[in-house]
Structure formats: structure tokens, C-alpha cells
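Dear colleague,

My notes on its aromatic contacts follow.

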Amino acid sequence: MTVAPQFQFKNGVLHAEDIPLPELADQYATPLYVYSRRALREAWERYARAIAGRNALICYGMKANSNLAVLHEFQRLGAGFDIVSGGELARALAAGAAPGKIVFSGVGKQAWEIRQALSANIKCFNVESAAELERLADIALEMGLRAPMSLRVNPDVDAHTHPYISTGLKENKFGVDIAAAPALYRQAMQHPGLDIVGVDCHIGSQILEIAPYLDALGKLIDLILELRADGIELRHLDLGGGLGIRYTDETPLDPADLLDPVFSTLEARGLGHLQLILEPGRSLVGNAGILLTRVEYLKRTPVRNFAIVDAAMNDLMRPALYEAWHDVEPVAPRAGQTNRVYDIVGPICESGDWLARQRELPIEQGDLLAIMSAGAYAFSMASQYNARPRAAEVLVDADQAHLIRPRESIQDLYASERIPARG
Ligand code: LLP
């Protein structure tokens, strides 16, 4: 069983849409990230249906996968973007994003990034601290502009997800304490460099329940009504991203499962006029990609069988970092192969370099494996550790494959480095 309909077995061989994966491995070599354009579009459509006829904007959380081709696809479908750095702003603009649909999150915005985003005329800065509010106001004033801003509040709700990707609890570094928000908004109100436009939160990632969102929404609505009583009218409410996907047997929420109750709550509390913003990342791209890898060696030790593959933690660090589960599919299993229990590991010199553990699979040396659900937080978190060039990315559209990022060359790894002259 694969987790995305665009990656299916046909005649015993795993395909990306209409292309057999072995063809892609022959043409582009491995390791290789393979994305399905149809899967991207279908994930987008689920959000589009959920917001149809509503005042809402989907800002793709582009940290999940920021390849220009992926951004361009979503931009054409009408997406805005949630960025967290000047680099992401530049990427979004290079992909044709409308600045008026870009929101800027993140706890550590530097002055140059703020200037760049103000010059680009983005939709909103999601401000995460009192110190950032001051910096943003000063820079805007110095540029003769008013910075459109929201406070990212920390609603102190438990999203029931991995501690490293949970962001809405009091002890996290994100956002401002919701109790401190009214005073900060009043301060912002006085500042000529600031234009208050909304409120924002993001409570975590890979969330599989509606309740934490509705808890957060309730707290945000209380805040909005309190601000209204103070004469501060907001125009939008940003609920962040975080909807989970299926890695193995999870039952993810459809965006409509979340948005129907959100819209009715807003209406019930007299806030139906607010624009709703979401910042989904993983749920738009996660199941639209796989990481294709080849088995270099099989190795038996007294206590373990290892399948040593040519992909590693530098290509997909989620297992090493979060002990994340990714399904592994042999791409072309043959009759008569024996199943054994393997740890699937990479060539990197770290015991943490594993991609999957204790999987019963029919594997032989030279076989191709597909690491599933690698469309999100895979390439975007990749590194060159152990001087491994980052792998190529291919976007499949029916029976067409587009190379959307070539494999880095060995020279790319150190081309910009300099040995100081002896002196
Ligand atoms: N908005 C903000 C402010 C965020 O910090 C994030 C993700 C998103 C939106 C998108 O969240 P999503 O819809 O993708 O859950 N590397 C981790 C995930 C880190 C998420 C960080 N923030 C992983 O591989 O699971």
C-alpha cells in the first residue's frame, strides 16, 4: 500500500504518475527526489474546495519544499506564501509570487530581511516579540513606510504532536504570550510606522485533530473582541499551518474538516467578515514526493540486517531528527525474493544515519527503494554533510519528467571556498 494515489504499482513496478521509477533512476541516477505534479494540484484542490466562496487566502508554508517549480505551480493556482527568511522571499518572488499575498513569520527577522520585505510590499509581518515590533516600526519609519503587521500570539494549546514540531505551548520560543498581546497591540496602535492588520498563530505541525485548532481559534477570537472594544479593528485572522498527512496509518484531516467549523465559529461570533489565512506546508507537498534510492550493499551482523542505500540522513533527516516513520517500498519486487527484516541506512558516518528501521522487505543488492512521503521537509532540510552533493529533483507530469534541479556536482561543493595565501 502506498500513501499517495500518484505513486502506484502498475505491472508490479512502482510508477510516478505514468512513469516507471526505474526509468527515472536510469535517466537521472539516485538518490533522486521525485514529485508528482498531479498530487500537488490535488492537494491544492482540497484547500481550494474548503475555502470556495469564502474570504480566505492559502499561504503555502514554503519551508516544506521551496523548489521554484513547486512554488510556481502553487502561485499559478492562486496561492500566497508564508515565508520565514529573506532567502524565502527571494525564492517566492523568483517563482512569480504576488507580494500582496506574502506573510512573513519567524522569531529572528533581521534588519535586512525586514527592509527587503518592506520594499517588496508584502501583505503582513507576523511579529513574534516586543523587540521585533520596535525594530519593524523603526525600519518602516526610516523608509517612510507603514509596516502591515499582525502579532503572532502563543495561545498555549497542546497540538499533541512531536515536541520538536509543537510550537503553540507556553515554553516554546514562538509568538507572544496571548495575555501580553493587548498591551502590545495598543503600543503598535500609537506607532506611525505600523499598520495593524491582523492576528496570527501557528500551533505546530503534523496535527491530526481539530480540537487544538478550535481551542486556539477561541482564544484568538476573545483577543480580537477585546481589541475591538479598545477601538482596534483587525482585518484578518491567520491560523497557521500544521495539518498532518499520512505517513503510514494516520487518518489526516481534510482541510474542510477543519475549515467548516472555523468559518461557522467566526460567523457565530460576529467575525464572518474577517479574512481567514492558513499557512499549510506539509499537507500540500508531503505525499506528492518520494525519495528514490538504490541498495548499495546488504550487510548482516549477528543482531541486525542492514540495507545500505545511496540516500542518507543528509537527503532526508526526519528519521534521524524526529525518529519519523517513512514507508519504504521496493520499486520492482520480483517473485521468489526472500523477505528479511532490515534497517535501511545511508553511507554517512553517524549511527543516527538511518531512514527506516526493522522493516520486513524483499531486498537484493542493486534494488531500487522508494522512501515515501518525502515531498515535505526532505530536500528543503538537505545538507552536504560528508561532502555529498545534494540530489536532483524531478517533477513528473503524466508521462513527462522535468528536471527541476540538477544534482549538485562535486565541484559545486567547494567552488566558492578559498585557501588563504601563505604569509
Ligand atoms: N507556518 C509557520 C509559522 C510554521 O512555522 C510552519 C512550520 C508552517 C506554517 C507550516 O507547517 P506545516 O503545514 O508544514 O505543518 N521539519 C519538521 C516540520 C517543521 C515545521 C516548522 N514550521 C518535519 O519534518 O516534520
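**Aromatic contacts**

Trp44, Tyr60, Phe74 and Phe81 together form one aromatic cluster. The model is a predicted one, in which local features need pLDDT of at least 70 and side-chain atom pairs count only at pLDDT 80 or more, while totals for chains, interfaces and linings use all residues. Residues are numbered from 1 along each chain as its sequence is written, and side-chain values use heavy atoms, with hydrogens and water left out.

The structure holds five aromatic pairs, where rings of Phe, Tyr and Trp (its six-membered ring) pair if their centres lie within 6.5 Å, and planes under 30 degrees apart count as stacked, over 60 as edge-to-face and the rest as tilted. One of them is the edge-to-face pair of Tyr33 and Phe379, with 5.4 Å from centre to centre and 80° between the planes. This pair links distant parts of the chain, 346 residues apart, since Tyr33 belongs to strand 4 (residues 32-36) and Phe379 to the loop between strand 19 (368-371) and strand 20 (392-397); helices (H or I, at least four residues) and strands (E, at least two) are DSSP runs, numbered from the N terminus. Both Tyr33 and Phe379 are buried, that is, under 20% relative accessible area with a 1.4 Å probe and protein chains only.

The pair of Trp44 and Phe74 is tilted, because the ring centres are 6.2 Å apart and the planes stand at 40°. Trp44 is buried at a relative accessible area of 5%, and Phe74 is buried at 0%.

Best regards

Terms used:
Buried < 20%, exposed > 50% of the residue type's maximum accessible area, 1.4 Å probe, protein only.
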